[in-house]
Amino acid sequence: MNMGTRFIATKEAPVHENVKKAIVAATELDTRLVMRALRNTERVLKNASVDRLLQIERERGPSLQIADIHDQVAGVYPRIMIDGDMDAGAWSCGMVVGLIHDIPSVKELIDRIMVEAERLIGNHLLGLLGSDQTPAKKVA
């Protein structure tokens, strides 16, 4: 299970609050794939810098070089994650961003994951045993 984006939006994550707020505000339609022509594809959250990067990629086409997009991808994480400059560059963000609606503690997040896993496993096992069993209760 990949949970990087989800764990960034937790109380304990050592990133700027702007990053956490951007994750909560985003939908799954707010991500873009960049650097495909370089065979180094990365999914990132859309911002002004990503728009510039995509424009350069369209203009350069197959002749794109990393130097062409250097300003949008190199050394941007401290400006984004520490300083909170959300347009500083491209930063990794999964499509799961559309399912993130809050900023819980890590403990709260893990507890939710465990409750949901137990519910799913319980329902699956009941399905294997037959339909005469009582299904597990859904936890909100």
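Q: What do the buried residues of α2 pack against?
A: In this predicted model, the buried residues of α2 pack against α1 and α5. The residues in question are Val-19, Lys-20 and Ile-23.

Q: What makes the buried residues of α2 line one face of the helix?
A: Look down the axis of α2: its buried residues fall within an arc of 100 degrees, so they sit along one face. The face turned away from that buried side carries Lys-21 and Ala-25, both exposed.

Q: Why is Lys-20 called buried?
A: Buried takes a relative accessible area under 20%. Lys-20 comes in at 1%, so it counts as buried.

Q: How do you know that Lys-20 forms a salt bridge with Glu-17?
A: The cut-off is a Lys or Arg side-chain nitrogen within 4 Å of an Asp or Glu carboxyl oxygen. Here the closest N and O atoms are 3.6 Å apart, and the pair makes the list. Both residues belong to helix α2 (residues 17-25), where they are three residues apart, or about one helical turn.

Q: How many salt bridges does the structure hold?
A: Seven. Another of them pairs the side chains of Arg-6 and Asp-102, at 3.0 Å from N to O.

Q: What makes Lys-46 and Asp-51 a salt bridge?
A: Their side chains meet at 3.2 Å, N to O, and the limit is 4 Å. Lys-46 is partly exposed at 34% relative accessibility, and Asp-51 is partly exposed at 34% too. As for networks, salt bridges that share partners join Arg-6, Asp-102 and Arg-112 into one.

Q: Which residues have the most contacts inside the largest nonpolar core?
A: Val-15, Val-19, Ile-23, Ile-80, Met-81 and Trp-91, in a core of 17 residues. Helices α2 and α5 each supply at least two residues of this core. Apart from it lies another core, this one of eleven residues, including Val-34, Ile-56, Leu-64 and Ile-69.

Q: What is Met-81 in contact with, leaving aside its neighbours within four places in sequence?
A: Heavy atoms within 4.5 Å are what it takes. On that basis Met-81 is in contact with Pro-14, Val-15, His-16, Val-19 and Trp-91.

Q: Why is Ser-49 called buried?
A: Ser-49, in helix α3 (residues 48-60), has 1% relative accessibility, so it counts as buried against a cut-off of under 20%. Leaving aside neighbours within four places in sequence, Ser-49 is in contact with Gln-72, Asp-87, Ala-88, Gly-89 and Ala-90.

Q: What makes Ile-103 partly exposed?
A: Its relative accessibility is 27%, so it counts as partly exposed. Ile-103 lies in the loop between α5 and α6. By contrast, Gly-130 is 27 residues away in sequence and 39 Å away in space, C-alpha to C-alpha.

Q: Why is Leu-128 called exposed?
A: Exposed needs over 50%. Leu-128 has a relative accessible area of 62%, so it is exposed.

Q: Is Val-115 exposed or partly exposed, and how do you know?
A: Partly exposed, because its relative accessible area is 33%. Val-115 lies in helix α6, and its C-alpha atom is separated by 40 Å from that of Ala-74, 41 residues apart along the chain.

Note on methods:
Residues are numbered from 1 along each chain as its sequence is written. This is a predicted model: local features need pLDDT of at least 70, side-chain atom pairs count only at pLDDT 80 or more; totals for chains, interfaces and linings use all residues. Side-chain values use heavy atoms; hydrogens and water are left out. Helices (H or I, at least four residues) and strands (E, at least two) are DSSP runs, numbered from the N terminus. Buried means under 20% relative accessible area, exposed over 50%, partly exposed in between (1.4 Å probe, protein chains only). The arc is that of the directions from the helix axis to the C-beta atoms. A nonpolar core is a set of buried Ala, Val, Leu, Ile, Met, Phe, Trp, Tyr and Cys residues joined through side-chain atoms within 4.5 Å.
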